[in-house]
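Morning, everyone. I'll take one structure today and walk through a few local details. Please have it up on your screens.

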Amino acid sequence: MLRNTLPLPLTAAASAAAIAVVAALGAAGTASAAPAAAPTTAGKTPTCDVSGLKASLTDKGGHQNGMSHEGTVLVLTNTSDRTCALRGYPGLQLEDAQHNAVTTNTTWGSTYFIPDPGKNTLLVRPGGSAEAALAWAHADAPRMVQAGYLRVTPPASRGFLTIPFERIVTNGDLSVTAFARSIDVS
């Protein structure tokens with residue numbers, strides 16, 4: 001619960017930490033078409049960036065369809081010449097056929113057909129990939145969204161990739177798991 005309180009005086013170290021948190025939160029809430037530079041620190045693998053990734057959907061194991069639900073596997077492939085790291089969940093945004101963003105609600109966690117593998121840091125070699133389960137419903141509801149495309153924002157990225165996604169989505173609601181090495185659709 002949030003409460004209105006008067007700010008207390010901060011030490012220099014606490015002030016610097018608060019500024020860093022605010023800056024990180026502000027940066028995390030936006031997406032743009034311009035790729036952000038992949039963060040890198042000495043001895044660490046840089047985070048995968050949209051400039052070195054390709055997004056696609058696959059019907060690996062068959063397209064999951066039943067009881068007004070659908071599902072598929074979202075794949076991010078490393079197209080760069082260096083290994084990069086992915087950890088967590090993708091950001092998702094539906095677009096209409098003219099590439100206009102439409103209201104989208106994304107739930108991170110288990111989908112109706114795949115349990116969530118949880119956040120794990122994946123090192124993705126050149127040509128390698130990471131997968132996440134993507135699910136939605138297409139049952140009658142007050143708001144049915146006719147999507148034409150899907151924006152995919154990789155974890156820790158400010159840019160996004162756009163892929164064809166000609167689907168009807170109930171209320172614009174999507175569910176997606178964290179990225180894993182491979183999604184087992186049995």
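**A loop serine and some aromatic rings**

Start with Ser-157. This residue sits in the loop that links β10 (149-153) to β11 (161-164). Keep in mind that we are looking at a predicted model.

Is Ser-157 buried or exposed? Its relative accessible area is 12%. The cut-off for buried is under 20%, so Ser-157 counts as buried.

Now, what is around it? Set aside the neighbours within four places in sequence, and Ser-157 is in contact with Asp-49 and Val-50. Leu-86 is 71 residues away along the chain, and the C-alpha atoms of Ser-157 and Leu-86 are 9.8 Å apart.

Next, the rings. How many aromatic pairs does a search of the whole structure find? Three. One of them is Tyr-89 with Trp-108. Their ring centres are 5.0 Å apart and the planes meet at 5°, so this pair is stacked. Where do the two residues come from? Tyr-89 is in the loop between β4 (84-87) and β5 (91-95), while Trp-108 belongs to strand β6 (residues 105-108). The pair therefore ties together parts 19 residues apart in sequence. Tyr-89 is also buried, at 14% relative accessibility.

Last item: a charge and a ring. Arg-167 lies over the face of Phe-165, 5.8 Å from the ring centre.

That's my tour. Over to you.

Definitions and conventions: Residues numbered from 1 in each chain as written. Predicted model: local features only at pLDDT ≥ 70, side-chain atom pairs only at ≥ 80, totals over all residues. Heavy atoms only, no water. Helix = DSSP H or I, 4+ residues; strand = E, 2+ residues; numbered from the N terminus. Buried < 20%, exposed > 50% of the residue type's maximum accessible area, 1.4 Å probe, protein only. Contact = heavy atoms within 4.5 Å. Phe/Tyr/Trp six-rings, centres within 6.5 Å; stacked < 30°, edge-to-face > 60°. Lys NZ or Arg CZ within 6 Å of the ring centre and 35° of its normal.
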